[in-house]
Amino acid sequence: MGTVTASPFDFPFARDSIALIVIDMQRDFIEPGGFGASLGNDVSLLQAIVPTVARLIAGFRAAGLPVIHTRECHLPDLSDCPPAKRLRGSPSLRIGDQGPMGRVLIAGEPGADIIPELAPLPGEPVIDKPGKGAFHATGLMDFLEMHGIRQLVFAGVTTEVCVQTTMREANDRGYDCLLATDATESYFPAFKQSAIDMITAQGAIVGWATTTGAVLEALDV
Ligand code: C5J
(Lines give C-alpha, C1' and ligand atoms only; values in the text may rest on other atoms or scores of the structure.)
Protein backbone atom coordinates (compact mmCIF):
# COMPACT_ATOMS: atom_id res chain seq x y z
CA MET A 1 0.00 0.00 0.00
CA GLY A 2 1.35 3.44 -0.98
CA THR A 3 0.25 6.89 0.07
CA VAL A 4 -0.99 10.04 -1.62
CA THR A 5 -0.06 13.34 0.00
CA ALA A 6 -3.47 14.65 1.04
CA SER A 7 -5.42 16.68 3.54
CA PRO A 8 -6.06 16.23 6.45
CA PHE A 9 -3.40 13.47 6.33
CA ASP A 10 -1.89 11.10 3.79
CA PHE A 11 -4.33 8.88 1.92
CA PRO A 12 -3.57 5.13 2.09
CA PHE A 13 -3.50 4.23 -1.60
CA ALA A 14 -4.43 0.65 -2.54
CA ARG A 15 -3.58 0.24 -6.20
CA ASP A 16 -5.41 -3.07 -6.54
CA SER A 17 -8.78 -1.69 -5.37
CA ILE A 18 -8.95 1.95 -6.49
CA ALA A 19 -11.01 3.56 -9.27
CA LEU A 20 -11.59 7.05 -10.61
CA ILE A 21 -15.17 8.31 -10.67
CA VAL A 22 -15.85 11.34 -12.86
CA ILE A 23 -19.10 13.00 -11.90
CA ASP A 24 -21.45 14.60 -14.44
CA MET A 25 -19.01 16.23 -16.88
CA GLN A 26 -21.99 16.73 -19.19
CA ARG A 27 -22.71 19.29 -21.87
CA ASP A 28 -25.80 20.42 -19.91
CA PHE A 29 -23.62 21.58 -17.02
CA ILE A 30 -20.49 22.70 -18.83
CA GLU A 31 -21.37 24.16 -22.20
CA PRO A 32 -23.06 27.50 -22.92
CA GLY A 33 -26.73 26.93 -23.76
CA GLY A 34 -27.13 24.01 -21.38
CA PHE A 35 -29.16 23.51 -18.24
CA GLY A 36 -26.52 25.02 -15.94
CA ALA A 37 -26.30 28.17 -18.04
CA SER A 38 -30.10 28.41 -18.18
CA LEU A 39 -30.10 28.61 -14.38
CA GLY A 40 -27.95 31.75 -14.65
CA ASN A 41 -24.60 30.11 -13.91
CA ASP A 42 -21.21 31.07 -15.38
CA VAL A 43 -20.17 27.83 -17.06
CA SER A 44 -16.67 29.10 -17.86
CA LEU A 45 -15.71 28.25 -14.28
CA LEU A 46 -16.48 24.58 -14.95
CA GLN A 47 -14.90 24.59 -18.40
CA ALA A 48 -11.57 25.56 -16.82
CA ILE A 49 -11.09 22.16 -15.14
CA VAL A 50 -11.58 20.10 -18.31
CA PRO A 51 -7.84 19.72 -19.12
CA THR A 52 -7.10 18.67 -15.53
CA VAL A 53 -9.88 16.10 -15.49
CA ALA A 54 -8.58 14.82 -18.83
CA ARG A 55 -5.09 14.39 -17.30
CA LEU A 56 -6.52 12.45 -14.38
CA ILE A 57 -8.53 10.17 -16.66
CA ALA A 58 -5.48 9.60 -18.87
CA GLY A 59 -3.44 8.67 -15.78
CA PHE A 60 -5.94 6.04 -14.64
CA ARG A 61 -6.21 4.63 -18.15
CA ALA A 62 -2.43 4.47 -18.48
CA ALA A 63 -2.26 2.66 -15.12
CA GLY A 64 -4.88 0.16 -16.28
CA LEU A 65 -7.24 1.21 -13.48
CA PRO A 66 -11.01 1.66 -13.79
CA VAL A 67 -12.55 4.95 -14.87
CA ILE A 68 -16.25 5.32 -14.04
CA HIS A 69 -18.35 8.13 -15.52
CA THR A 70 -21.69 9.39 -14.25
CA ARG A 71 -24.42 11.45 -15.86
CA GLU A 72 -27.31 13.14 -14.10
CA CYS A 73 -30.22 12.44 -16.41
CA HIS A 74 -33.70 11.00 -16.59
CA LEU A 75 -35.73 8.64 -18.70
CA PRO A 76 -37.59 10.28 -21.60
CA ASP A 77 -40.95 9.63 -19.92
CA LEU A 78 -39.63 11.30 -16.73
CA SER A 79 -40.83 8.34 -14.67
CA ASP A 80 -37.60 8.54 -12.62
CA CYS A 81 -37.82 12.29 -12.03
CA PRO A 82 -39.69 13.21 -8.86
CA PRO A 83 -42.14 16.07 -9.44
CA ALA A 84 -40.50 17.79 -6.47
CA LYS A 85 -37.30 17.99 -8.53
CA ARG A 86 -38.87 18.97 -11.84
CA LEU A 87 -41.43 21.49 -10.63
CA ARG A 88 -39.33 23.39 -8.10
CA GLY A 89 -39.07 27.15 -8.56
CA SER A 90 -39.48 29.04 -11.83
CA PRO A 91 -36.46 28.17 -14.01
CA SER A 92 -36.55 29.21 -17.66
CA LEU A 93 -36.06 25.53 -18.58
CA ARG A 94 -37.28 22.55 -16.58
CA ILE A 95 -35.95 19.01 -16.75
CA GLY A 96 -37.50 17.44 -19.84
CA ASP A 97 -38.16 20.74 -21.62
CA GLN A 98 -36.83 21.31 -25.11
CA GLY A 99 -33.67 23.43 -24.89
CA PRO A 100 -30.85 24.39 -27.28
CA MET A 101 -29.20 20.97 -26.73
CA GLY A 102 -32.33 18.85 -26.84
CA ARG A 103 -34.52 17.94 -23.90
CA VAL A 104 -32.88 19.07 -20.68
CA LEU A 105 -31.17 16.28 -18.67
CA ILE A 106 -32.84 13.49 -20.64
CA ALA A 107 -30.79 10.38 -21.45
CA GLY A 108 -29.98 10.19 -25.14
CA GLU A 109 -30.30 13.94 -25.75
CA PRO A 110 -27.14 15.86 -26.78
CA GLY A 111 -27.10 17.96 -23.59
CA ALA A 112 -26.98 14.89 -21.34
CA ASP A 113 -23.87 13.56 -23.10
CA ILE A 114 -20.47 13.76 -21.50
CA ILE A 115 -18.46 16.52 -23.16
CA PRO A 116 -16.46 15.21 -26.14
CA GLU A 117 -13.09 16.08 -24.56
CA LEU A 118 -13.80 13.56 -21.76
CA ALA A 119 -15.76 10.96 -23.72
CA PRO A 120 -15.78 7.50 -22.11
CA LEU A 121 -13.83 4.81 -23.90
CA PRO A 122 -15.74 1.74 -25.07
CA GLY A 123 -16.12 -0.56 -22.06
CA GLU A 124 -15.88 2.17 -19.41
CA PRO A 125 -19.00 2.21 -17.25
CA VAL A 126 -21.34 5.19 -17.56
CA ILE A 127 -23.75 5.36 -14.63
CA ASP A 128 -26.94 7.28 -15.40
CA LYS A 129 -28.32 8.65 -12.17
CA PRO A 130 -31.64 10.35 -11.49
CA GLY A 131 -30.42 11.92 -8.25
CA LYS A 132 -27.49 13.97 -7.11
CA GLY A 133 -25.76 10.96 -5.54
CA ALA A 134 -24.48 8.22 -7.87
CA PHE A 135 -25.53 5.38 -5.55
CA HIS A 136 -29.23 6.28 -5.42
CA ALA A 137 -31.28 4.16 -7.86
CA THR A 138 -28.25 3.00 -9.90
CA GLY A 139 -26.10 -0.09 -10.32
CA LEU A 140 -22.93 1.64 -9.08
CA MET A 141 -22.60 -0.38 -5.87
CA ASP A 142 -22.97 -3.67 -7.77
CA PHE A 143 -20.26 -2.59 -10.21
CA LEU A 144 -17.86 -1.63 -7.41
CA GLU A 145 -18.45 -4.89 -5.55
CA MET A 146 -18.07 -6.96 -8.69
CA HIS A 147 -14.68 -5.36 -9.40
CA GLY A 148 -13.37 -5.36 -5.84
CA ILE A 149 -13.18 -1.57 -5.72
CA ARG A 150 -12.84 -0.15 -2.17
CA GLN A 151 -11.38 3.30 -2.86
CA LEU A 152 -12.66 6.09 -5.10
CA VAL A 153 -10.87 9.13 -6.45
CA PHE A 154 -13.40 11.85 -7.25
CA ALA A 155 -13.45 14.43 -10.03
CA GLY A 156 -16.25 16.32 -11.75
CA VAL A 157 -19.03 18.76 -11.06
CA THR A 158 -20.39 20.32 -9.07
CA THR A 159 -18.28 19.99 -5.96
CA GLU A 160 -20.92 20.76 -3.37
CA VAL A 161 -23.85 19.06 -5.12
CA CYS A 162 -23.31 15.81 -7.04
CA VAL A 163 -19.66 15.28 -6.09
CA GLN A 164 -20.15 15.84 -2.39
CA THR A 165 -23.42 13.88 -2.29
CA THR A 166 -21.77 10.90 -3.97
CA MET A 167 -18.77 11.10 -1.65
CA ARG A 168 -21.08 11.03 1.37
CA GLU A 169 -23.00 8.07 -0.05
CA ALA A 170 -19.73 6.23 -0.75
CA ASN A 171 -18.30 7.03 2.67
CA ASP A 172 -21.42 5.64 4.38
CA ARG A 173 -21.00 2.44 2.36
CA GLY A 174 -17.43 1.97 3.53
CA TYR A 175 -15.41 3.35 0.61
CA ASP A 176 -12.32 5.51 1.10
CA CYS A 177 -12.94 8.73 -0.83
CA LEU A 178 -10.25 11.04 -2.20
CA LEU A 179 -11.22 14.31 -3.92
CA ALA A 180 -8.92 15.81 -6.56
CA THR A 181 -9.58 19.45 -5.75
CA ASP A 182 -8.25 20.86 -9.02
CA ALA A 183 -10.39 18.40 -11.01
CA THR A 184 -13.68 19.48 -9.48
CA GLU A 185 -15.53 22.79 -9.66
CA SER A 186 -18.60 24.68 -8.61
CA TYR A 187 -20.49 27.59 -10.09
CA PHE A 188 -19.88 29.14 -6.66
CA PRO A 189 -16.19 29.20 -5.63
CA ALA A 190 -17.08 29.71 -1.98
CA PHE A 191 -19.27 26.59 -2.03
CA LYS A 192 -16.40 24.56 -3.51
CA GLN A 193 -14.08 25.60 -0.71
CA SER A 194 -16.75 24.96 1.93
CA ALA A 195 -17.41 21.49 0.53
CA ILE A 196 -13.71 20.62 0.67
CA ASP A 197 -13.54 21.93 4.23
CA MET A 198 -16.62 19.91 5.26
CA ILE A 199 -15.33 16.72 3.63
CA THR A 200 -11.90 16.84 5.25
CA ALA A 201 -12.86 18.22 8.68
CA GLN A 202 -12.88 16.13 11.84
CA GLY A 203 -10.17 13.73 10.69
CA ALA A 204 -11.50 13.15 7.13
CA ILE A 205 -15.08 12.66 8.26
CA VAL A 206 -16.19 12.15 4.63
CA GLY A 207 -12.83 11.80 2.89
CA TRP A 208 -9.50 13.24 1.85
CA ALA A 209 -8.53 16.07 -0.53
CA THR A 210 -5.48 16.23 -2.78
CA THR A 211 -4.32 17.42 -6.18
CA THR A 212 -4.32 15.72 -9.56
CA GLY A 213 -0.52 15.89 -9.56
CA ALA A 214 -0.31 13.98 -6.28
CA VAL A 215 -2.66 11.27 -7.59
CA LEU A 216 -0.66 10.92 -10.81
CA GLU A 217 2.55 10.67 -8.81
CA ALA A 218 1.08 7.82 -6.77
CA LEU A 219 -0.08 6.10 -9.97
CA ASP A 220 3.50 6.40 -11.27
CA VAL A 221 2.47 6.69 -14.91
C1 C5J B 1 -26.34 19.89 -10.12
C2 C5J B 1 -24.54 18.33 -10.36
N3 C5J B 1 -25.55 20.85 -9.64
N4 C5J B 1 -24.03 17.47 -11.22
N5 C5J B 1 -25.82 18.74 -10.58
O6 C5J B 1 -27.54 20.06 -10.18
O7 C5J B 1 -23.88 18.78 -9.45
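Select Arg 27, which in this predicted model is partly exposed, with a relative accessible area of 24%. Arg 27 and Glu 31 form a salt bridge, and the closest N and O atoms of the pair are 2.7 Å apart. Side chains of opposite charge can pair when their charged atoms come close. The structure holds nine salt bridges, and the next stops visit others among them.

Now select Asp 113 together with Arg 71, whose side chains meet in a salt bridge with an N to O distance of 3.5 Å. Asp 113 belongs to the loop between β6 (102-103) and β7 (126-129), whereas Arg 71 sits in strand β4 (residues 67-72), so the pair ties together parts that are 42 residues apart in sequence. In a surface display, look at the two partners separately: Asp 113 is partly exposed at 34% relative accessibility, while Arg 71 is buried, with a relative accessible area of 13%.

Move on to Arg 86 and Asp 97, where a further salt bridge has its closest N and O atoms 4.0 Å apart. Here too distant parts of the chain are linked, since Arg 86 lies in helix α5 (residues 83-86) and Asp 97 in the loop between α5 and β5 (98-99), eleven residues apart. Arg 86 is partly exposed, with a relative accessible area of 25%, and Asp 97 also counts as partly exposed, at 27%.

For the last stop, select helix α9 (residues 212-219). How many of its eight residues are buried? Six of them are, and the helix is accordingly mostly covered. The buried residues are Thr 212, Ala 214, Val 215, Leu 216, Ala 218 and Leu 219. To see what they pack against, display the strands β1 (2-4), β2 (11-13), β8 (151-157), β9 (176-185) and β10 (208-210), and with them helix α4 (50-62). Finally, step just past the end of α9 to Asp 220, which takes a positive phi of about 60 degrees.

How values were computed
Residues numbered from 1 in each chain as written. Predicted model: local features only at pLDDT ≥ 70, side-chain atom pairs only at ≥ 80, totals over all residues. Heavy atoms only, no water. Buried < 20%, exposed > 50% of the residue type's maximum accessible area, 1.4 Å probe, protein only. Helix = DSSP H or I, 4+ residues; strand = E, 2+ residues; numbered from the N terminus. Contact = heavy atoms within 4.5 Å.
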